[in-house]
Amino acid sequence: MRITQGTFSYLPDFTDEEITSQLDYALGQGWALSVEFTDDPHPRNNYWDMWALPMFALADPAGALREINECRAIYPDRYIRVNAYDSRRGRQTVALSFLVNRPAHEPGFRLDRQEAAGRSIRYTTHSYALDRPAGDRYAPK
Amino acid sequence: MSEGTPRPLFALPVRGDPAAPGGDQVPAVPELLADDVTVDLAAERTSAGVDEIIEALDRDLVGLRPVKDRISEIAALLLIDRVRARFGLTAGPPSLHMSFTGNPGTGKTTVALRMARLLHRMGYLRRGHLVCVTRDDLVGQYIGHTAPKTKEVLNRAMGGVLFIDEAYYLYRAENERDYGQEAIELLLQYMENYRDDLVVIMAGYADRMDTFFASNPGMSSRIAHHLDFPDYSLDELVAIGELMLSERRYRLSDQAQQTFRDYLARRMTQPRFANARSVRNALERARLRHANRLLAAGGSPPSTKDDLMRLEPADFLASRVFTSS
């Protein structure tokens, strides 16, 4: 199941050239770029790992693309995303965030039902990937 | 993207360079020229805007003949490369890492700034900004601190020029565990692998740079252009001084011109003479004395616009340079 998270998630995956154009746009807006990765694809997972430090004062997307490619080389089977942070006063939030890498095989989610008091049902989504230990979740078969 | 393997770094298209492969949307020159076509190089030169930059360089920077010659050569090479690419004669991007050697105040930083602009205009650099750093910005203070620090600086310099002032401080021969070596290794790696994205310029005093290159042969061999900045002659220093004054909207009175010349002739022989920087400092102090002199006169006679612009011999004669000898 192809997960869709962040901006552009319904588009086909970007090529490096398209990523560069987006990074270029973000830098043109004065946003700071950072790279993050994770192997927990749950949509409510806010705690992605930082790849290196956020890149402030970049002039050119080549440096950010280099970081992305280094991260891909080491974690080819994780989700990697780029965040563009808008530090302007009154904004101070991530303005753009999109996936630049995903595992070759994405097992998807199942729906868990929990029977609670009074015959009520609680629903939760559970990623099949999480059945394996961290760091080993997208190991090639 | 789903094959999950690392891919090679995509070669970024160079903006403003129609001959770059895989340029965005509409390539300006899609097909190669036929073998029997002739190209008007003069027109190419004008359209690239090289002349403006070379002329501005000639106008704004006094002296530095060998440096200007080398810059014209580099501009010519890049221009010819562009024309050659239109015939399909690609030689790969030339290596443009440089070392600037010379005494303090000979214009190394200023030329680096111009160089960045020129390379941008020629389509070699995408941005053409200058990132000035010293050892402190590259080398960390504890184990594992250096690499991220150096990488951050290199990332910032991508698409422009990285200017490393007093580069020889990176290497400390007396301490083999110095973290500077780590920064040098990273620099070498980037200078080799990201030649299209980054131009590194190392600057410093000639003799110490020689020692630095002698102990880092890999660095020396990756630097194609060694530019030596000569000291200025007295005439050139006077010309620099006049240029600086006209930028600040001041002028020298007729007598002051001779005094200024005498001042520089004496200052040149004294220790810690820093060429153009000393000229600038001298003029800053003359401005102080000029302001003080006008106020001390107590407003009689009333000052004219010319009084506010004109420096007199007295503004220079009060200097230590004249009193100490």
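How many helices and strands are there in chain B? In this predicted model, chain B holds 15 helices and seven strands, and its C-alpha trace spans about 85 × 55 × 35 Å along the principal axes. Of the 325 residues of chain B, 34% count as buried, and among its contacts with a separation of 6 or more, 76% join residues 24 or more positions apart.

**Nonpolar cores**

- The largest nonpolar core has 76 residues, of which Leu33(A), Ile68(A), Leu119(B), Val161(B), Leu162(B), Val200(B) and Ile201(B) touch the most other members.
- Helix 4 of chain B, covering residues 108-121, gives the most to this core, with six residues.
- Once its neighbours within four places in sequence are left aside, Leu162(B) is in contact with Val131(B), Val133(B), Leu154(B), Ala157(B), Leu198(B) and Val200(B).
- A second core of 17 residues is separate, and its members include Ile240(B), Ala256(B), Ala282(B) and Leu311(B).

**Helix 1 of chain A**

- Helix 1 of chain A (residues 16-28) has 13 residues, which at 1.5 Å a residue should span 18 Å, and the 18 Å between its end C-alpha atoms agrees with this.
- Its buried residues are Ile19(A), Thr20(A), Gln22(A), Leu23(A), Ala26(A) and Leu27(A); seen down the axis of helix 1, these residues fall within an arc of 165°, so they line one face of the helix.
- The cover over the buried residues of helix 1 includes, from chain A, strand 1 (32-38), helix 2 (61-74), strand 3 (79-86) and strand 4 (93-101).

How values were computed: Residues numbered from 1 in each chain as written. Chains lettered and ligands numbered in written order. Predicted model: local features only at pLDDT ≥ 70, side-chain atom pairs only at ≥ 80, totals over all residues. Core = buried A, V, L, I, M, F, W, Y, C linked by C-beta atoms within 7 Å. Buried ≥ 20, exposed ≤ 12 C-beta atoms within 10 Å, placed from the backbone. Helix = DSSP H or I, 4+ residues; strand = E, 2+ residues; numbered from the N terminus. Contact = placed C-beta atoms within 7 Å. Expected span 1.5 Å × (residues − 1). Arc of directions from axis to C-beta.
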